[in-house]
Amino acid sequence: ELAVAGVAYIDSRQFRLQTQEPVSEQCEVLREPHELAGWRRAHLDWEQLMEAVSDAQPSSDLNLQPSSELKEHPIRCEFEALPDDGDVSLEDVYHVAAAISLPGVSWLGWRTEPFFFGLEKLIVIVRLSDDDGGMADDVVACLLNLESVQAAKLLSATLGADAFTLCSRLFSVQIESICDLDLPCFGAEAAAALMRHGWTTINDWMPPDVVGKIASITAASMMARSEGRSDGVEWRTPEPRNARTDVATWLKAGQGLANDKVFAEQLLPKFDALAADLCMLMAGIEGRLEIQLACFPANQNSRYHRHTDEHANCRPMSTNRKVTCILYLNPAWVEASAGCLRLTETDHEMGTAGGTVNIEPIGGRLLCFLSGAMMHEVLPTLAERFAITAWVS
């Protein structure tokens with residue numbers, strides 16, 4: 001399971017029973033009442049755990065893929081390159097480096113990070129394959145040989161599949177077969193984009209009149225909250241507050257705002273239909289929905305720092321959030337309102353890993369992405385910003 005999924009879970013009680021000594025060579029019954037000293041502690045006995053894992057054999061009832069399909073994942077590395085001049089185009093520096101062929105090196109992409117005095121440094125992302133002779137020293141040497149780079153070093157190296165690769169294993173259909181599916185609420189084009197890139201948008205997914213009604217009701221409730229009046233809506237301030245500044249309320253049938261006709265008859269049923277379409281695309285989705293209405297106040301410090309909504313997971317039976325769906329409720333949004341959602345592209349986007357895409361929170365627009373794969377953040381917003389997020393699992 002570790003080889004296939006990149007993660008494995010151990011039931012501590014079963015592990016304890018399996019590692020106890022048999023009563024005798026003839027009897028396979030384990031002395032269940034007797035516990036090893038390590039298991040009386042609040043943490044795992046790691047020495048014992050490692051010994052057991054090193055001797056582990058796959059269970060005969062595990063449906064593992066043939067060994068030829070258990071490909072070793074290359075090492076994902078990030079390198080720092082400091083420019084020789086503040087006027088140098090860091091994108092050009094990356095493309096010059098990526099044009100150089102190095103054995104066992106796949107150039108994935110780049111991003112920039114603050115350096116000092118207003119300058120930025122280049123972060124280069126590559127994958128190294130040991131089987132093909134890929135070496136971090138070769139990448140560092142390549143970067144140092146560029147005239148526009150004064151210093152370069154390896155920042156990090158991790159072994160394993162990228163988050164998109166893990167999450168996309170849940171797709172139960174091939175892209176070529178999407179047109180054969182009946183996806184009235186999501187659509188084949190959006191489904192194909194979600195499978196290829198990990199995210200997609202649909203404009204005017206909700207009619208403008210419905211968006212306007214929901215936005216008006218939400219604004220009135222927020223006004224009541226600011227004036228200290230109770231309107232029956234339980235607004236909360238999600239944690240951690242040093243990472244986010246929004247206020248939010250859960251939308252559950254028959255409670256709070258969900259009692260209103262436009263919510264009960266038009267909004268919630270459409271999200272149910274969307275979840276039904278996603279059930280046809282992905283294994284492990286049973287149509288469970290968590291729906292939240294959130295408001296970011298108009299403030300240059302109003303934002304939500306970069307994060308993912310879930311850990312990357314390819315286990316169909318997990319209860320993890322699989323897809324995040326965000327409906328924007330800002331009918332009067334203009335560019336000066338700011339408050340875009342910024343997605344960080346994933347490693348599988350060859351040549352663009354680490355790059356970003358800004359999604360404008362235009363009223364009626366639906367944004368969907370793989371919950372465990374897409375890093376995202378809400379940028380500072382200068383106008384009150386409403387959005388409904390539905391997590392599908």
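Asp204 lies in the loop between β5 and α8. Helices (H or I, at least four residues) and strands (E, at least two) are DSSP runs, numbered from the N terminus. The model is predicted: local features need pLDDT of at least 70, side-chain atom pairs count only at pLDDT 80 or more, and totals for chains, interfaces and linings use all residues. Residues are numbered from 1 along each chain as its sequence is written, and side-chain values use heavy atoms, with hydrogens and water left out.

Phi of Asp204 is positive, near 55 degrees, in a residue other than glycine. Asp204 is exposed, with a relative accessible area of 58%. Here buried means under 20% relative accessible area, exposed over 50%, and partly exposed in between (1.4 Å probe, protein chains only). Ala338, also not a glycine, has a positive phi near 60 degrees. Its place is in the loop between β9 (323-328) and β10 (341-344). At 22% relative accessibility, Ala338 counts as partly exposed. A further backbone feature is the cis peptide bond that joins Glu239 and Pro240, with omega about -5 degrees. Pro240 sits in the loop between α8 and β6 (247-250).

The chain has 9 helices and 14 strands. Of its 393 residues, 43% are buried.

Helix α8 (residues 208-226) packs against helix α9 (residues 261-281) at an angle of about 140 degrees, and their axes are 11 Å apart. That makes α8 oblique to α9. Axes are lines fitted to C-alpha atoms, for helices over the stretch in contact, and angles run from 0 to 180 degrees between N-to-C directions. Angles under 35 degrees count as roughly parallel, over 145 as roughly antiparallel, 65 to 115 as roughly perpendicular and the rest as oblique. The crossing of α8 and α9 is left-handed; in that case the near helix is turned anticlockwise from the far one by less than a right angle. On the α8 side, the contact is made by Val210, Lys213, Ile214, Ile217 and Thr218. Val262, Phe263, Gln266 and Leu267 contribute from α9.

Ser221 is also placed in helix α8. Ser221 is buried, with a relative accessible area of 2%. Not counting residues up to four places away in sequence, Ser221 touches Asp231, Val233 and Trp235.

Helix α7 (residues 188-197) has the buried residues Ala190, Ala191, Ala192, Ala193, Leu194 and Met195. These pack against α6 (163-168), β5 (199-202), α9 and β12 (366-370). Gly198 follows α7 and has a positive phi, near 90 degrees.

Val126 belongs to strand β3 (residues 120-128). At 0% relative accessibility, Val126 counts as buried. Leaving aside neighbours within four places in sequence, Val126 is in contact with Ile75, Arg76, Cys77, Phe79, Val105, Ser106, Trp107, Leu108 and Val139. Val126 and Val139 are 13 residues apart in sequence, and 8.7 Å apart in space, C-alpha to C-alpha.

A search of the whole structure finds 0 disulfides, a disulfide being a pair of cysteine sulfur atoms within 2.5 Å. The sulfur of Cys167 is 8.2 Å from the closest cysteine sulfur, in Cys314, too far for a bond. Cys167 is buried, with a relative accessible area of 6%. Cys340 is buried too, with a relative accessible area of 13%.

Conventions:
Contact = heavy atoms within 4.5 Å.
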